[in-house]
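Trainee: Hi! Could we go through this structure together?
Mentor: Happy to, here it is.

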Amino acid sequence: MRLTCMFSFILLFGAAGLVVFIHLQDPEEIVHQQTPGIKYNMGFQQPKKDCVSSNNQDRRLSKNTAEGAAAVKRSDSSHLPENVPTKLQSTDRRQSSIMFVMKDQQKGDEINSVRLHKRRRRFIIKKSPILISMNSSILNLPTLKSEDRNNDKWKNLYQIQRERKRIMRETCSKYKSNNRRIITPYHVSRIFVEDKYRVLYCEVPKAGCSNWKRVLMVLNGLASSTKDIQHNTVHYGNYLKRLDGFDHKGIYHRLNTYTKMLFIREPFEKLVSAFRDKFEHPNNYYHPVFGKAIISRYRVNATKEALRTGSGVKFKEFIQYLLDVHRPVGMDIHWDHVNRLCSPCLIDYDFVGKFESMEEDANFFLHLIGAPQNLTFPKFKDRHSNEERTTTKITQQYFAQLSPSQRQRSYDFYYMDYLMFNYSKPFEDLY
């Protein structure tokens, strides 16, 4: 009798637990998992003011990582307006509401092709999902003019662009998030607008951004030559408009009708360039804000002078700060991921240029948008003009100061940028 009662009690307890478990599940998540390919229509909600709109670059840098994450989380509550006008080049995009399709998980052989050899890297990618493009197109790259179609140079550059977009699109698809994400002012806060030639440029620091701003100012009629524009005018003059300064209608109109472009750079080379610029030269912002915190945390027996000024940060100390999940001071746009700066999986960029082929790519882009023939991309070095540019050789010299483990962790940190923009491993011992 006692055994029967005990058995009945166990059954009742198990059934009650199952009921509670089912009750606590989010029905939306259950449907989402069981019905891949479902289309979602977005409603409208006024966005929160969750991002700084100041054009002063250095003052935008002190946002710490936690605040940035909170801003993203808050901005996710915003929704797309159902009545946004969408002048699109393909008829498939002429619809009254923005929809996107959650695709099935990629096949096993695709996953194996870029198998992640380290548990930590798998964790990073899983916990930092890539956003899904919501203003996507087959290829919005401006078409070649009829007289250019027989020009082997232009045809070759055009095919390079198609391939870069294909790799970027496939990477986004493979590592996409299953969460619904929408474009908010936060995501476009680094995009500059040139209305005359209908250009959107996402600023990636240390990848020619100063000279690109000069070009945009000339296109806009603010200057007759790029040589006439000083550094402070470029960065602190407030002459260029940012996309987050427009209302929802203005943002989506430009995203869907303007030519969107960004220029990127080999991640390690970009990192060393930023370190040399900000920590090896006098700087009244980066030394007291970042330098003092880095020296205080990572230098043993630091002198009072170093703690007071923040000058003299070593590259190894800088890498310790970069890889520390509990950084004493937040991230900075000069060494942040391109994925966070420009959201290339959320915003479908039409043109992807590379710093390594800057002159060729930049002048090809200017040719495509019909810019004046006398306007070419400037070659001069914006700051520290007497100093040699950061090259692959210089980059390797800096990373030689690190242990193999630190080099590997640095590569893991920028892994998605290496993958998305098809850069090869900078060191043979990396995996």
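**Strands, core and disulfides**

Mentor: Let's begin with strand β4, which four bridges join to strand β5 (residues 351-354), the two running parallel. Helices (H or I, at least four residues) and strands (E, at least two) are DSSP runs, numbered from the N terminus, and two strands pair if DSSP finds at least two bridges between them. This is a predicted model, where local features need pLDDT of at least 70 and side-chain atom pairs count only at pLDDT 80 or more, while totals for chains, interfaces and linings use all residues. Residues are numbered from 1 along each chain as its sequence is written, and side-chain values use heavy atoms, with hydrogens and water left out.

Trainee: Which residue stands opposite F263 in β5?
Mentor: That is G353.

Trainee: And how do β2 and β4 pair?
Mentor: In the parallel sense, over four bridges, with β2 covering residues 199-202. There, C202 stands opposite L262 of β4.

Trainee: You mentioned C202. What does it form with C342?
Mentor: A disulfide, with the sulfur atoms 1.9 Å apart; the term covers a pair of cysteine sulfur atoms within 2.5 Å. This pair links distant parts of the chain, C202 in strand β2 and C342 in helix α14, 140 residues apart.

Trainee: Why is it called left-handed?
Mentor: Because the torsion about the S-S bond of C202 and C342 is about -95°.

Trainee: How many disulfides does a search of the whole structure find?
Mentor: Two. C172 and C345 form a disulfide as well, their sulfur atoms 1.8 Å apart. C172 sits in helix α6 (residues 152-174) and C345 in the loop between α14 (338-342) and β5, 173 residues apart.

Trainee: Switching topic: how many residues has the largest nonpolar core?
Mentor: It has 67 residues, and F290, F315, F318, Y321, L322 and W335 have the most contacts inside it. Such a core is a set of buried Ala, Val, Leu, Ile, Met, Phe, Trp, Tyr and Cys residues joined through side-chain atoms within 4.5 Å.
Apart from that core lies another, of 31 residues, among them L216, I229, A362 and L366.

Conventions
Buried < 20%, exposed > 50% of the residue type's maximum accessible area, 1.4 Å probe, protein only.
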